[in-house]
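Please look through the sequence and the structure shown here before reading on.

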Amino acid sequence: MRVVVDFDRCQSNAVCMDVAPEIFEVRDDNFLYILDEKPSEALRPKVEEAVRRCPTQAISIAED
Amino acid sequence: MASAAPPGRVVVVGASLAGLSALETLRQEGFEGELIAVGAETTLPYDRPPLSKQVLQGHWEPDKIVLREPGQYDALGVTWHLGRRATGLDVSARTVTLDDGEPLAYDGLVIATGATPRRMPGTSELAGIHVLRTLDECLALRQELESASRVCVVGAGFIGAEVAASARVRGLDVTVLEALPSPLARAFPAEMGAACAALHLDQGVDLRCGVTVAGFEGEGRVSGVRLGDGSVVEADVVVVGIGVVPETGWLESSGLPLENGVVCDSTCATAAPGVVAAGDIARWPNNLFGETMRVEHWSNAVEQGTAAAKRLLAGPGDAVDFTPVPYFWSDQYDAKIQFLGRCCPTDEVRIVDGSIEERRFVALFGRDGRLFGALAFNRPRLLMAYRKLLAAKTSFEDAVAHAQGS
């Protein structure tokens, strides 16, 4: 599982950071940073929730 | 996986975000029966927030606001009735009637028909007066903005503010008319409205608060907006953003209790067996805040669609309260506005980070000694920390202390 963010869509709402702070961090510069691009399978439910709840639908999961 | 025996056929009326969320949740929870979705628009569910921003500004085309790829829609196994409206509901026969007269039987029903823009009298006879809710409305407005020079927006709520910002970004002269003394005065303390107003004044918008609209000028096509004092704001295009009304017309003869929306219990169930509601149309008691609410925002459509679908599959003893912390955001110019929780004009306000002058701040709202809401301008990282505090019913004092410690 690889976490993919479309930065053309991302508006730094930080909802993903609220769902999965191990993976997503919006910093004081208001940009999103991916802390763990290839998280373990145990985190899949959290990543899927972040995908669903992202207000700008900027996150997706690539299986590679 | 739900333990209760799943119903055989679920009908979802309303094919936008809440309806899609319900459909996806039903499948994720293991529902293998028939899924039917009814949508008044001719398109598969799409994302509405960009309509007043990227699409209206001309940065995005409609293909960029699809909510799912075709393969994802195929995998859901839904029969879509698009371009069709529900016209009636019989809760004892368990049928929904569509606009071609065909009754559609259901075992479970999700009501997710959303809301529709409130219109002003005298606006249907003149061309050039718009509302913005659907993709078609967005494209019609965008086309007119391409040749317009002066736009008048009626209503300084979030949709009006976003349209005004997008029109300014396009280089048009923009006047915004607001009946209340400041923007958002019905929802927020006055200084928050002033902060929103400042964003537009910074950008050269002619924002006029405390004014009434008496009518519209023009023959065949609008040429201006006539105010209560008799003066006229000249405009090539008018956009009316004065709120929405829940789309409950088709339910009026159903016997379902309606009260500015479909009345639900704390678990998103309506008074009729096998019928739940979600999204802009649903009014339910949110026990986290001790308040009955109807929430017209994107995140609620996702979360309530999920909750309503689970409620449909759950046995009566398994129903859980839907107790979200409401969230919304608005992007205007370079400003990101975000809000969590609840707010009313009389709440106590504390700015705990930044300042209104900097256009960068976090404001906390307190009621009865408890943290009720948090608003941020250009402070996404700081804001999100308050969701957990709101969910935990943190006292206002502790929330302020948290802010000072962070």
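## Basis of the model

The model is predicted, and local features need pLDDT of at least 70, side-chain atom pairs count only at pLDDT 80 or more, and totals for chains, interfaces and linings use all residues. Residues are numbered from 1 along each chain as its sequence is written, while chains are lettered from A and ligands numbered from 1 in the order in which they are written.

## Chain B as a whole

Chain B contains 9 helices and 26 strands; helices (H or I, at least four residues) and strands (E, at least two) are DSSP runs, numbered from the N terminus. Chain B is as compact as a globular protein of 406 residues, because its radius of gyration of 22 Å is close to the 22 Å given by the globule rule. That radius is taken over C-alpha atoms, and the rule is 2.2 Å times the number of residues to the power 0.38. Along the principal axes, the C-alpha atoms of chain B fill a box of roughly 60 × 60 × 40 Å.

Of the 406 residues of chain B, 46% are buried. A residue is buried if 20 or more other C-beta atoms, placed from the backbone, lie within 10 Å of its own, exposed if 12 or fewer, and partly exposed in between. Among contacts (C-beta atoms, placed from the backbone, within 7 Å) in chain B between residues at least 6 apart in sequence, 63% join residues at least 24 apart.

## Helix α2 of chain A

In helix α2 (residues 44-53) of chain A, the buried residues are A:Val47, A:Ala50 and A:Arg53. They lie on the same side of α2(A) because they cover an arc of only 135 degrees around the axis, the arc being that of the directions from the helix axis to the C-beta atoms. A:Arg44 and A:Pro45, on the other side of α2(A), are exposed. The cover over the buried residues of α2(A) includes β1 (2-5) of chain A and α7 (298-313) of chain B.

## Contact between the chains

Chain B brings 15 residues to the contact and chain A brings 14 residues. On the side of chain B that touches chain A, α8(B) gives the most, with 5 residues.

## A sheet in chain B

An open sheet of 3 strands in chain B has the order β18-β20-β21, with mixed pairing; two strands pair if DSSP finds at least two bridges between them. Its edge strands, β18 (262-263) and β21 (291-293) of chain B, each pair on one side only. Strand β20 (residues 282-286) of chain B pairs with β21(B) in the antiparallel sense over 3 bridges. B:Pro285 stands opposite B:Thr292 in β21(B).

## Nonpolar cores

A nonpolar core is a set of buried Ala, Val, Leu, Ile, Met, Phe, Trp, Tyr and Cys residues joined through C-beta atoms within 7 Å. The largest has 87 residues, and A:Cys16 and B:Val238 have the most contacts inside it. Helix α5 (residues 158-169) of chain B gives the most to this core, with 7 residues. Apart from it lies another core of 46 residues, among them B:Trp250 and B:Ile281.

## Residue B:Gly218

B:Gly218 lies in the loop between β13 (213-217) and β14 (224-227) of chain B. With 18 other C-beta atoms within 10 Å, B:Gly218 is partly exposed. Leaving aside neighbours within four places in sequence, B:Gly218 is in contact with B:Leu126, B:Ser223 and B:Gly224.

Conventions
Contact = placed C-beta atoms within 7 Å.
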